[in-house]
Amino acid sequence: MYYSVLVVDNNSEVLDTTIKELSSRGLTIFGCNSFESACEKLKEDGSVHAVLTEWSLPQSRKNGKRVEGPDIFKKFIALRNEINIFIYTDITDIITLSTKGLTDGYFFKEDNVYDDIVNKITAAIEEKSSAPFYEKLVKYARKSKDSWHTPGHASGNSVKNSPYVKDYYEFFGENLFKSDISVSVPELDSLLHPVGVIKDAQELAARAFNARHTFFVTNGTSTSNKILIQTLLKPGDAILLDRNCHKSVHYGVIIAGAEPLYLMPSVNNKYGIFGPIPKKKIIQAMDDAIAQKKKLKAIIITNCTYDGLIYDIEDIVTEAHKRNIKVIVDEAWFGYANFHREFYPTAMAAGADYATQSTHKTMSAFSQASMIHVNDPDFEDIQDFFMENFNMHASTSPQYPMIASLDVARKQMTMEGYGLLSRVFKLSDQLKASINSLEKFRVLEKDDLIADELKDDNIRVDKTKITIDISKSGYTSKELEHILVKKHNIQIEKTTFNTITVLLTIGATYSRINRLYLALESIEKNAGNRKKDSGSAKIIKDFKLSLSPIKYRPRFAFYSESEEVPLRDSLNRVSTMMVTPYPPGIPLLVPGQVVSNEIINALSMYRDYGVEIHGLNNGLIQVMPKEEEDRLIKEGFSIMS
Ligand SMILES: Cc1ncc(COP(=O)(O)O)c(C=O)c1O
């Protein structure tokens with residue numbers, strides 16, 4: 001394996017000797033003689049794994065002003081969070097060197113310690129580049145032990161000679177079967193009570209993702225969200241949540257018996273895009289909840305959004321913490337953010353208490369593999385309760401290759417994430433330029449994407465998500481999606497009525513982006529003068545949601561008796577289910593919510609347009625029987641009373 005180190009020193013003699021000595025010992029060494037040139041190198045070159053720097057550096061070759069100690073380290077870390085920093089200096093008085101815990105080691109120049117430097121730097125890089133769980137799993141699988149335990153396929157023996165299903169073995173391969181093993185193997189630790197290699201792997205992940213603790217989850221961020229909500233909220237506690245959050249958050253609220261206080265997302269009607277919640281509204285909602293004496297314990301924000309809009313998260317965290325409210329950030333789509341300064345600060349860097357990430361969505365982990373990162377200073381007080389909730393949701397037979405994939409995904413991002421993401425940005429720029437060279441397609445910029453009310457919110461756009469305006473193409477987005485799949489073998493991520501969105505992950509290639517361009521070019525050519533408006537355009541253009549009150553906590557409504565009534569007869573009744581039209585995918589009703597005239601009209605409109613509505617079956621919705629309501633009111637469970 002090759003490790004590379006940046007040596008920074010303005011004494012050219014020292015610099016040359018150090019480069020020579022360290023290179024001769026097997027490391028790849030780059031040299032810089034000023035603070036600025038070192039910063040440039042770190043920005044440009046994703047291959048640098050560690051820095052060996054003098055305590056004091058000139059700002060630049062021209063400007064003799066000096067930058068010292070923590071100011072150097074902080075900047076290096078701001079540029080490249082994952083690098084190791086070692087001091088190499090003439091200064092002996094360690095007490096004067098306040099490193100603020102930002103460095104990994106110290107060497108005194110006159111000690112002539114090149115071997116020591118190489119050993120210590122190599123050890124630090126080797127530690128972060130290890131994948132302890134994955135390595136142990138591979139070793140175990142290679143031992144080919146006779147297994148007298150689950151799973152039933154016994155390393156594939158049950159299928160590999162079968163005349164009927166041996167293709168199953170051949171397709172997935174020997175290694176998958178051999179590494180799909182049982183929790184009965186103690187040396188591979190237990191996800192539900194990690195004390196060995198899983199714990200080691202989680203600790204490395206915590207370090208890589210800037211967290212105090214990290215937990216691996218094998219049922220996706222859907223489960224991670226539920227675990228956190230159930231841990232932080234007791235029945236009757238309140239949580240602020242985006243009405244447009246992922247449905248796992250709504251389910252978490254039901255499970256926890258919490259009171260949901262909804263925040264309405266901004267809506268860009270022109271393109272049918274639901275974006276961040278304006279900062280002012282978030283702060284106002286916190287204050288309103290406190291004024292109403294709600295037991296407001298947490299807020300959950302989705303960052304970045306599905307369309308790649310990034311919040312100014314630091315401010316929101318600060319405001320929430322001022323009010324003693326815990327912050328959970330759903331980073332399902334943003335796990336890689338910690339590995340490129342373009343995205344800083346992430347939830348963890350901004351001081352949020354928890355972040356949930358679908359490592360599988362944007363990094364190299366297998367589907368369902370997710371992480372919970374913890375930064376909450378009070379976590380130790382609730383850690384046992386958290387683990388109990390974790391156990392409540394987890395399978396007692398987690399998939400070991402999936403756990404290994406989390407370990408490897410973290411290793412990969414630590415070692416080459418910055419370089420991979422920098423490459424994705426280049427690909428993204430190229431794709432954007434090529435699409436914009438067409439007449440009928442255009443990549444949307446920030447100002448196109450965000451609603452007016454967000455103009456002052458310092459929202460940024462994640463370049464790895466590209467949303468294309470297709471309104472001039474003459475096709476609806478569904479038609480276009482169909483052509484791309486059927487004719488060009490290209491599957492896109494999502495559509496609105498006049499946009500398509502593609503996701504560039506670290507697996508993107510020039511071949512892929514150019515094939516997408518060629519497909520759009522061919523569609524444009526063949527479209528001629530087609531003019532067609534999408535019928536569903538009106539649905540989103542007309543989208544306006546003013547919510548009716550929540551009368552009972554969702555959990556009460558969810559578990560109450562329920563009866564089916566025609567939608568038109570449901571005025572003022574209380575829904576016991578979520579009712580969600582797709583698109584836009586935002587629930588118009590949640591359990592416990594009063595059915596208003598406006599909601600009946602909106603659902604009728606969606607139905608008339610032929611939109612798929614989950615929770616509305618043959619014009620019937622589920623509501624709470626009157627007697628059940630009387631009982632809940634009598635027992636004092638109405639939130640409105
Ligand atoms: C914002 C958000 N949170 C959570 C999830 C659930 O993630 P997972 O698929 O890992 O369960 C999704 C899935 O699309 C999502 O969009």
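1. A residue is taken here to be near a molecule if one of its heavy atoms lies within 4 Å of it. On that basis, in this predicted model, the ligand is surrounded by Gly220, Thr221, Ser222, Asn225, His246, Thr302, Asp330, Ala332, Trp333, Ser358, His360 and Lys361. By residue class, the shell around the ligand divides into eight polar, two charged and two nonpolar residues.

2. Among the residues of that shell, Ser222 places a polar side-chain atom 2.5 Å from an oxygen atom of the ligand, and Asp330 has a polar side-chain atom lying 2.6 Å from a nitrogen atom of the ligand. In the case of Lys361, an N or O atom of the side chain is 3.0 Å from an oxygen atom of the ligand. The ligand, taken alone, exposes 390 Å², and the protein buries 81% of that area.

3. Turning to where the shell comes from, the elements that give two or more residues to it are helix 9, residues 220-232, and helix 13, residues 359-362. Helix 9 contributes four residues, which is the largest share of the shell around the ligand.

4. A separate point concerns the packing of two helices, namely helix 2 (residues 35-44) and helix 3 (residues 69-79), whose axes come within 9 Å and cross at roughly 20°. Because angles under 35 degrees count as roughly parallel, helix 2 is roughly parallel to helix 3. The crossing of helix 2 and helix 3 is right-handed.

5. Most peptide bonds are trans, and most residues other than glycine have a negative phi. The peptide bond from Thr150 to Pro151, however, is cis, with omega near -5°, and Pro151 lies in the loop between helix 5 (132-142) and helix 6 (166-172). A cis peptide bond also joins Asn303 and Cys304, where omega is about -10°; Cys304 is found in the loop between strand 13 (296-302) and strand 14 (309-310).

6. As for phi, Ser155 has a positive value of about 60° although it is not a glycine, and Ser155 is found in the loop between helix 5 and helix 6, where Pro151 also lies. Asp189, likewise not a glycine, has a positive phi of about 70° and lies in the loop between helix 7 (174-179) and helix 8 (197-208).

Technical notes. Residues numbered from 1 in each chain as written. Predicted model: local features only at pLDDT ≥ 70, side-chain atom pairs only at ≥ 80, totals over all residues. Heavy atoms only, no water. Polar contact = N/O pair within 3.5 Å; in protein donor to acceptor, adjacent residues only side chain to side chain. Areas by Shrake-Rupley, 256 points an atom, 1.4 Å probe, with all protein chains shown as cover. Nonpolar A, V, L, I, M, F, W, Y, C, P; charged D, E, K, R; others polar. Axes fitted to C-alpha atoms, helices over the stretch in contact; angles between N-to-C directions. Parallel < 35°, antiparallel > 145°, perpendicular 65-115°, else oblique. Left-handed = near helix turned anticlockwise from the far one by under 90°.
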